[in-house]
Amino acid sequence: MKTILVSGTSSGIGYEICVQALKLKYNVISVSRNSKPFKNINGIDCYSVDITDNDQLNNLVEDLKSKKVSIDFLINNAGHLKNETFDKTSYESFKETFDVNVFGLAQITRLLLPIINKSGHVINI
């Protein structure tokens, strides 16, 4: 059975990917700051993780390693968007966006690489 880990799963595309993967009988691992949407759904292993927090990411990876998880698909869907015009965007807003969309994505991928199958796939949305 294939294993898929999806970040950014509390709503939208990430949520739907998890639902569809479960229907396909995949082992589904959901990673999101808000894990409530999947808390009571059998077949989805939920983790509440802020991908900008290295301690939380390290704990996630150590837990997966202790369970001997092997990932076939990593789908990086977590993202941050501020709905403001470019000229009104502050430095702090840019930094928050890059922390999630660039550095968080890179860090979760880097930390998970040792448990992604050699024939596995990483998809960034």
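Analyst: A polar contact is a pair of N or O atoms within 3.5 Å; within protein, one of the two must be able to donate a hydrogen and the other to accept it. The model is predicted, and the residue examined here is N76, which lies in strand β4 (residues 71-76). N76 counts as buried because its relative accessibility is 2%, and buried means under 20% relative accessible area.

The side chain of N76 takes part in a polar contact of 2.8 Å with the side chain of N124. A polar contact of 2.9 Å joins the side chain of N76 to that of T109. Leaving aside residues up to four places away in sequence, N76 touches S7, L105, I108, T109, V122, I123, N124 and I125.

K2, in the segment before β1 (3-7), is partly exposed, with a relative accessible area of 43%. Beyond residues up to four places away in sequence, K2 touches Y26, N27, D72 and F73. The C-alpha atoms of K2 and H80 are separated by 28 Å, and these residues are 78 residues apart along the chain.

F98 is located in helix α3 (residues 91-112) and is partly exposed, at 42% relative accessible area. F98 belongs to a nonpolar patch on the surface that also includes F86, F94, V102 and F103. Together, the residues of this patch have about 530 Å² of accessible area.

Methods
Residues are numbered from 1 along each chain as its sequence is written. This is a predicted model: local features need pLDDT of at least 70, side-chain atom pairs count only at pLDDT 80 or more; totals for chains, interfaces and linings use all residues. Side-chain values use heavy atoms; hydrogens and water are left out. Patches are made of residues with over 30% relative accessible area and no salt bridge: like charges are joined within 9 Å, nonpolar side chains (Val, Leu, Ile, Met, Phe, Trp, Tyr) within 5 Å. Accessible areas come from the Shrake-Rupley method with a 1.4 Å probe; for residues, only the protein chains shown count as cover. A salt bridge is a side-chain nitrogen of Lys or Arg within 4 Å of a carboxyl oxygen of Asp or Glu. Helices (H or I, at least four residues) and strands (E, at least two) are DSSP runs, numbered from the N terminus. Buried means under 20% relative accessible area, exposed over 50%, partly exposed in between (1.4 Å probe, protein chains only). Contact means heavy atoms within 4.5 Å.
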